[in-house]
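The following report considers strand pairing and charged side-chain contacts in the structure shown here.

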Amino acid sequence: MTMLNAVVLGVLVAILAVGTVASAAEIKGKVQAVDPAGKSITLDNGTTLMIPASAKVDKKALSPGAEVKASYEEKNGMKMVQSLQVTK
């Protein structure tokens with residue numbers, strides 16, 4: 001392998017690695033509805049956030065009208081909560 005081929009290969013690997021890194025988004029809003037099983041909430045703007053078992057969420061504090069701040073990642077078209085805090 002020539003030096004040029006090695007450099008090109010290294011650059012391609014770096015581009016692919018960066019392209020697959022998921023970034024978290026943040027959202028604030030008022031809870032409109034809570035799934036009875038506690039697996040999702042819907043905010044007043046219509047956004048549905050899915051709550052996996054691994055998420056840091058105080059489910060007892062989630063109720064309609066609660067103000068929340070959440071960080072989430074989009075996976076398979078769903079917004080998966082990483083952390084969620086009730087702010088009011």
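Strand S1 (residues 25–34) runs antiparallel to strand S4 (residues 67–75), the two being joined by 6 bridges, and within this pairing Lys28 stands opposite Lys69 in S4. Strands here are DSSP runs of E with at least two residues, numbered from the N terminus, and two of them pair if DSSP finds at least two bridges between them. S1 is also joined, by 3 bridges and again antiparallel, to strand S2 (residues 40–43), where Ala33 stands opposite Thr42. S1 and S2 form a hairpin with 5 residues between them, and Gly38 in the turn has a positive phi of about 75°.

This is a predicted model, in which local features need pLDDT of at least 70 and side-chain atom pairs count only at pLDDT 80 or more, whereas totals for chains, interfaces and linings use all residues. Residues are numbered from 1 along each chain as its sequence is written, and side-chain values use heavy atoms, with hydrogens and water left out.

With a salt bridge taken as a side-chain nitrogen of Lys or Arg within 4 Å of a carboxyl oxygen of Asp or Glu, the count comes to 3.

| Salt bridge | N to O distance |
|---|---|
| Glu67 and Lys30 | 4.0 Å |
| Glu73 and Lys75 | 3.7 Å |
| Glu74 and Lys79 | 3.1 Å |

Glu73 is buried, with a relative accessible area of 14%, where buried means under 20%, exposed over 50% and partly exposed in between (1.4 Å probe, protein chains only).

How values were computed. Helix = DSSP H or I, 4+ residues; strand = E, 2+ residues; numbered from the N terminus.
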